[in-house]
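Biologist: Hi! Could you walk me through how some helices pack in this one?
Modeller: Happy to. Let me put it up first.

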Amino acid sequence: MPNRRKKKIFLLIAWVIATYLLYLCFRGIELEHAWKEIKEAHPLWLLLGVAGHFFIFFLWAEQWILFLPAKLTVSYKRMFEVNALMCTAMNTLPFPGGHALGVFLLAKRERVGHSAALSVMSLDQLAEGIGKLTVLLIVAWLTPLPPLMKQGIIGLVIIVFCFLYVLLYLAHRFHDYKETDPGHNRTLKEKIIHFVSRWGHQLEGLRSLRTFLYGVILAYGMKLCEATAIWGVQKSFGIDLPIWSVLLILAALNLTTMVPLAPGNLGVYEATVFFIYQHLGIAPEQALALALVQHLCYLLPLAGTGYIFILLRNFFPQKPLPEPEEEASAPQNP
């Protein structure tokens with residue numbers, strides 16, 4: 001009961017914040033003018049805005065397969081589906097529900113185990129953090145940043161380097177870890193130590209510089225997809241801004257949506273894009289139209305793709321995966 005109550009209070013606070021941010025966007029704006037701007041947006045450029053976000057999944061699936069421990073395999077198609085379902089949950093459930101679902105699907109449905117699934121998620125988040133930090137530093141080099149974004153860069157640098165240090169320590173501390181006496185009835189403390197040891201042992205992608213750098217390059221590719229989508233939405237409205245404006249919007253979103261407060265970042269996403277476009281000198285009505293359309297182009301592929309997989313699974317059930325070899329080959333009792 002206390003946990004449910006805390007969740008309800010958290011959701012209420014999140015929705016209050018989201019509603020207030022939406023109020024700041026809509027305050028004093030002629031909604032008819034904003035709607036007219038939306039109707040005049042060019043559909044082909046909007047298609048680029050949707051496609052840019054959709055292509056993230058192709059790089060994401062490749063990255064997760066790359067970060068899997070060498071002894072484990074998941075097909076590209078199934079990893080694509082895991083990422084799509086996780087992304088849908090990330091845009092509909094409170095934080096960290098989507099990330100937890102991704103670990104669960106990889107651990108249970110794809111049968112790689114929780115420690116291996118957590119190692120993949122950890123490396124994914126580290127590469128993502130490096131990608132975000134790189135975008136912020138590029139923007140800071142190209143143009144003066146608002147004071148809050150400067151503080152955000154400092155905070156992100158600390159978070160990324162602390163996380164990198166912890167993962168590097170675990171990866172090398174438990175490099176040669178081998179499980180002994182698997183049938184032993186462990187205490188809770190022993191179970192935690194065993195899990196952390198396996199987690200560190202399976203951070204293989206961090207022990208190979210080549211592998212991890214390729215994973216970071218894939219993270220950069222995902223950021224490029226996001227930037228392309230933002231640029232497509234700009235072009236659909238006939239706006240001609242410097243290319244660094246796209247990176248500024250991407251950098252601001254990377255900071256404000258780092259920890260999702262409301263499902264789909266409703267309110268936070270719109271307010272961020274709206275205020276950045278106003279900072280760039282765009283009229284309030286057009287800035288609001290851009291914010292709403294850009295968020296829609298974001299949600300359609302990133303939240304909608306998972307729903308398509310859910311519908312397909314309901315209409316066309318798939319056969320369960322075969323049992324792992326070690327279990328399938330175990331001797332049978334006579």
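Modeller: One term before we start: a crossing is left-handed if the near helix is turned anticlockwise from the far one by less than a right angle, and right-handed if clockwise. Also, keep in mind that this is a predicted model.

Biologist: Thanks! Which hand does the crossing of α4 and α11 have?
Modeller: α4 passes α11 in a left-handed crossing. Helix α4 covers residues 56–67 and helix α11 covers residues 209–236; their axes come within 9 Å and cross at roughly 165°. Angles over 145 degrees count as roughly antiparallel, so α4 is roughly antiparallel to α11.

Biologist: Which residues make that contact?
Modeller: From α4 you have I56, L59, W60, E62, Q63, L66 and F67. On the α11 side they are T211, F212, Y214, G215, L218, A219, G221, M222, C225 and E226. By class, the contact of α4 with α11 has eleven nonpolar, four polar and two charged residues.

Biologist: Nice. Now α5 and α6: what's the angle there?
Modeller: About 155°, with the axes of α5 (residues 76–90) and α6 (residues 97–109) 7 Å apart. That makes α5 roughly antiparallel to α6. Their crossing is right-handed.

Biologist: And who meets whom in α5 and α6?
Modeller: Among the α5 residues are V82, L85 and M86, and the α6 partners include L101, L105 and L106. Sorted by class, the contact of α5 with α6 has nine nonpolar, three polar and three charged residues.

Biologist: Switching topic: where does α14 bend?
Modeller: At G304, by about 35°.

Biologist: What span should α14 have, and what do its ends give?
Modeller: At 1.5 Å a residue, the 32 residues of α14 (residues 284–315) should span 46 Å. The end C-alpha atoms are 45 Å apart, which agrees.

Methods:
Residues numbered from 1 in each chain as written. Predicted model: local features only at pLDDT ≥ 70, side-chain atom pairs only at ≥ 80, totals over all residues. Heavy atoms only, no water. Axes fitted to C-alpha atoms, helices over the stretch in contact; angles between N-to-C directions. Helix = DSSP H or I, 4+ residues; strand = E, 2+ residues; numbered from the N terminus. Parallel < 35°, antiparallel > 145°, perpendicular 65-115°, else oblique. Contact = heavy atoms within 4.5 Å. Nonpolar A, V, L, I, M, F, W, Y, C, P; charged D, E, K, R; others polar. Expected span 1.5 Å × (residues − 1). Bend = angle between axes of the 7 residues up to and from the residue.
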